[in-house]
Amino acid sequence: DGDARGTMRVVVQRVSRARLTVGGQEVSAIGRGLVCLCGLTDGDTEEDARWMANRLLKLQLWPDAKGRQWQASAASDGLEVLLVSQFTLYARLNKGRKPDFHRAMGPEPARELYSKFVDIVRAEHGADKVFDGQFGAMMEVEIVNDGPVTLTLDSPPPPTPPGTGATSKPANGKKQAVKPASEPPAAWPQGDHAGHAKAATPPAAPGGESQQGAGITEMAPPQEPPTKARAETPTHSAVEVRAIGLSRDA
């Protein structure tokens with residue numbers, strides 16, 4: 001919710017026909033094509049509207065002339081489109097049973113951006129194929145959903161600034177985690193060379209006893225375990241060991 005730019009949301013329905021009325025009077029009607037319920041939230045821009053117009057017109061939701069499914073679009077087949085403003089798409093119900101519409105864009109900016117969206121779709125698809133409802137009115141929409149086929153389409157969210165630890169998508173299309181730069185803590189001891197810290201030698205106390213630091217412990221480098229001194233045990237060759245054994249048996 002804190003993004004500088006939100007995501008425009010459209011519920012797309014593939015229909016055989018649709019009809020929209022206000023106060024019992026027909027405002028728009030289409031045949032085969034799309035009914036698009038359009039929701040706007042704070043932060044949506046004309047960039048979102050242009051992205052959405054291009055995407056919904058090119059959605060491959062119909063079979064082509066050879067009967068292959070999911071090949072044709074409203075743009076390729078010149079189908080009709082009915083656009084309907086729908087602020088309730090941004091309702092929230094996580095605090096109770098009554099819808100909360102605070103995430104929806106305010107009426108006046110939403111009216112302006114929605115009007116631009118309608119103009120963009122008409123410019124791309126043809127004014128004779130794009131129809132509209134009545135912004136802010138209580139509308140009745142009758143549809144015959146073909147399939148049924150219903151999709152929810154959101155415009156891309158704003159990019160995440162680098163160095164925030166979020167996931168980014170590089171040019172190669174593979175997602176990778178962006179790790180923020182970090183410096184080693186200032187309290188780390190400085191070593192003579194990489195991976196080794198200087199060992200602090202506590203001063204010797206009177207009487208030959210070593211002193212322990214008063215509440216301060218300094219990191220010592222990893223050390224090899226002390227090598228046990230070999231006992232001064234006389235060694236015998238195999239012949240000598242055997243001779244000793246024989247003399248004891250005797």
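## Helix α3

In this predicted model, helix α3 runs over residues 107–125. Its 19 residues reach 26 Å from the first C-alpha to the last, close to the 27 Å expected at 1.5 Å a residue. Just after α3, Gly-126 takes a positive phi of about 110°.

Eight names make up the buried set of α3: Ala-110, Leu-113, Tyr-114, Phe-117, Val-118, Ile-120, Val-121 and His-125. They sit on the same side of α3, because they cover an arc of only 160° around the axis. An α-helix has 3.6 residues a turn, so residues three or four places apart point the same way.

The face turned away from the buried side is another matter. There α3 carries the exposed residues Glu-108, Glu-112 and Ala-123.

## What covers the buried side

Both strands and helices take part. The cover over the buried residues of α3 includes the strands β3 (33–39), β4 (80–85) and β5 (130–132). It also includes the helices α1 (46–57) and α2 (74–77).

## The nonpolar cores

The largest nonpolar core has 31 residues. Leu-34, Cys-36, Leu-56, Leu-83 and Phe-117 have the most contacts inside it. At least two residues of this core come from each of β1 (9–22), β3, α1, β4, α3 and β6 (139–154). Helix α3 gives the largest share, seven residues.

Leu-83 shows how these parts meet. Among the residues it touches are Tyr-114, Phe-117, Val-118 and Val-121. Leu-83 also touches Cys-36, Cys-38, Val-130 and Phe-131.

A second core of ten residues is separate, and includes Ala-18, Val-35, Leu-82 and Val-84.

Terms used. Residues numbered from 1 in each chain as written. Predicted model: local features only at pLDDT ≥ 70, side-chain atom pairs only at ≥ 80, totals over all residues. Heavy atoms only, no water. Helix = DSSP H or I, 4+ residues; strand = E, 2+ residues; numbered from the N terminus. Expected span 1.5 Å × (residues − 1). Buried < 20%, exposed > 50% of the residue type's maximum accessible area, 1.4 Å probe, protein only. Arc of directions from axis to C-beta. Contact = heavy atoms within 4.5 Å. Core = buried A, V, L, I, M, F, W, Y, C linked by side-chain atoms within 4.5 Å.
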